[in-house]
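Subject: Structure handover

Dear colleague,

Here is the structure for your work. My notes on it follow below.

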Amino acid sequence: MPLARKVLEESAIQHGVCIRPVPLRRYDLATGEEKIIDIPCGATLSSVCPPCAESKRQLRIDQCRTGWHLEQEPDFTPDPATEDQKLLVQLRSQAQKSLDDSDDSEVSEWEETISEINAELAATGVRGRLGVEKAARRVRTTRRRQDASELPKRPVSARTVGKVYEATGGKKFRPSMFLTLTLDSYGRVTKDGTPVQPATYDYQRAARDAIHFARLVDRFVQNLRRFVGFDVQYFAAVEPQRRLAPHLHMAIRGTISRAELREVIAATYHQVWWPSTDEPVYVDQLPEWHDGIGAYVDAGTGEILPTWDQALDEIGPDDEPSHVARFGRQFDAQGVLAGTKDANRAIGYLAKYLTKSVDQCHEAATDDQREHVSRLVEALRYEPCSPTCANWLRYGVQPKNARPGLHPGACRGKAHKATHLGYGGRRVLVSRKWSGKTLTDHKTDRKNWVVEVLGVEPETPAPGRYSFEYVSRDDASLKPLTVRLMHRIAERVEWRRQLDAARHGPSNHAISATAGRTS
Ligand SMILES: [Zn+2]
Ligand SMILES: [Zn+2]
């Protein structure tokens, strides 16, 4: 028989209730009242919280649809900060303080919390990040080579909307595009995505391409804008192919010819100017952290390892980049008109895997597939994922911002994990001038729709009325999770009933104001 708790969770999922709500203590600064409220966890993966992941996916679909065929330039006057944004900044501040006060064992937990809040803030449309100092730009001779693209450059106009075409007969249309970009081949693969000859499949290049994929996409967009001469906007989703290499589905506003795309794709590359990782320097006797010096030293000689910046300075003008990432020559591009079946199908593709982690998109079902996954994970194990990666110690370099406790092969960066397979970046990439709306705007649109149907006034507290604080899991006044879930399910059922009544029955003005809550 199923456990009661499990059944409750399934019921919560069915009713769209977050299964890992975050309790916050809310102080009403006007009345002094204090209350614990639950806010949805906001997970994007359905393996973590299906209702939150699904509602985020729906917002992404709204966002994609809104921007794709825009006919007028979106408005970019910055809005005043919303209550949501202020709450997030407040939570961000508390998390920062906790991080700064915490001992080593808790650091990574708080760092994770902070990166979640940062992502949440960015999703509400806040630009820039808090607590990150701008690194001084390194001016290096190698930069010149990075920018050398053979493409002719045109001045980029401010236009972001697509051109209008007129058909014979006078009918006007404004087509947009759906583009799919893939990485190069690493060796032939069979239908199930596994290599025909695992021994010669280039796992190292596959691993490096995946790690640097996001930068390659950036460069493609830059080149594209310069080449076609307008401020191309896109909504893109990164997901793995069956062979486990990341690829990109991209909705582009406006059209670009296949010939132009082919040229830009062929001329786009990302050079990685990192210290060489061809030969490991330390394998058995690893460098040790020296407390007095505050750096890693050679365990045998006591010599201090070169810092990240010193190692970069040693890369000479005649050296080769440590890696060059490129797209494969194959690409797929289709013109798409607003509101058509094709447009809906493409949005379906873009949103299909958004609630799944990379490894869940194509779950390994056969031994061959499982072995393919583990060979790729093995190739990623000692591949540096970023300048701060612990793996730099293996190659005789202090990782950037080095601290004690780093072990090559045990970097905690996302890229190394089987759930990411090299790609540690964001799964949805949306250009800044896509829809002129943030995810919060789209969420508000949805709420407003409900409010309109119900004919109730939404609860809008006076700005600054509430102050919030995290509630610890063992706080005596916190009700058990099961009880909190039951309350939310009951609320949800009642809310649905009222919504259905309002939509189908005669208008009902006696609906309580609490029904306006949708999340
Ligand atoms: Zn949730
Ligand atoms: Zn790493």
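A residue is called buried when its relative accessible area is under 20%. Cys385, with a relative accessible area of 17%, is therefore buried. That cut-off is used for the other residues below.

Confidence

Please keep in mind that this is a predicted model. The average pLDDT of the chain is 87, and 92% of the residues score at least 70. Confidence is highest in helix α6 (residues 203–211), with a mean of 97, and lowest in helix α5 (residues 142–147), with a mean of 50.

Zinc ion (ligand 1)

Four cysteines supply the protein donors of this ion: Cys18, Cys41, Cys49 and Cys52, each through SG, lying 2.3 Å from the metal. The spacing of these donor residues in sequence is C-x22-C-x7-C-x2-C. The arrangement is tetrahedral because the 4 donor atoms subtend angles of 107 to 112° around the zinc ion (ligand 1). Cys41 has 17% relative accessibility and so counts as buried. Cys49 is at 0% relative accessibility, and therefore also counts as buried.

Zinc ion (ligand 2)

Here the coordinating atoms are SG of Cys385, Cys389 and Cys411, together with NE2 of His416, at 2.1 to 2.3 Å. The donor residues follow the sequence spacing C-x3-C-x21-C-x4-H. Cys385 and His416 both lie in the loop between α12 (367–381) and β12, so the pair ties together parts that are 31 residues apart in sequence. His416 is buried, as its relative accessible area is 10%.

His372

This histidine lies in helix α12. His372 counts as buried because its relative accessibility is 2%. Setting aside neighbours within four places in sequence, the contacts of His372 are Gly193, Thr194, Pro195, Tyr201, Tyr203, Arg243 and Leu244.

Ser431

Ser431 is placed in the loop between β12 (428–430) and α13. With a relative accessible area of 6%, Ser431 is buried. Apart from neighbours within four places in sequence, Ser431 is in contact with Arg225, Gln233 and Tyr234. Between Ser431 and Tyr234 the C-alpha to C-alpha distance is 5.5 Å, although the two are 197 residues apart in sequence.

Helices α2 and α13

Helix α2 (residues 50–68) packs against helix α13 (residues 439–454) at an angle of about 105°, and the axes are 9 Å apart. That angle makes α2 roughly perpendicular to α13. On the α2 side the residues that meet α13 are Gln58, Leu59, Arg60, Asp62, Gln63 and Thr66. Their counterparts in α13 are Leu439, His442, Lys443 and Arg446.

Regards

Note on methods
Residues numbered from 1 in each chain as written. Chains lettered and ligands numbered in written order. Predicted model: local features only at pLDDT ≥ 70, side-chain atom pairs only at ≥ 80, totals over all residues. Heavy atoms only, no water. pLDDT = per-residue confidence, 0-100. Helix = DSSP H or I, 4+ residues; strand = E, 2+ residues; numbered from the N terminus. Donors = N, O, S within 2.8 Å, 3.2 Å for Na, K, Ca; no water. Tetrahedral: all angles 85-135°; square planar, octahedral: opposite > 155°, others 65-115°. Buried < 20%, exposed > 50% of the residue type's maximum accessible area, 1.4 Å probe, protein only. Axes fitted to C-alpha atoms, helices over the stretch in contact; angles between N-to-C directions. Parallel < 35°, antiparallel > 145°, perpendicular 65-115°, else oblique. Contact = heavy atoms within 4.5 Å.
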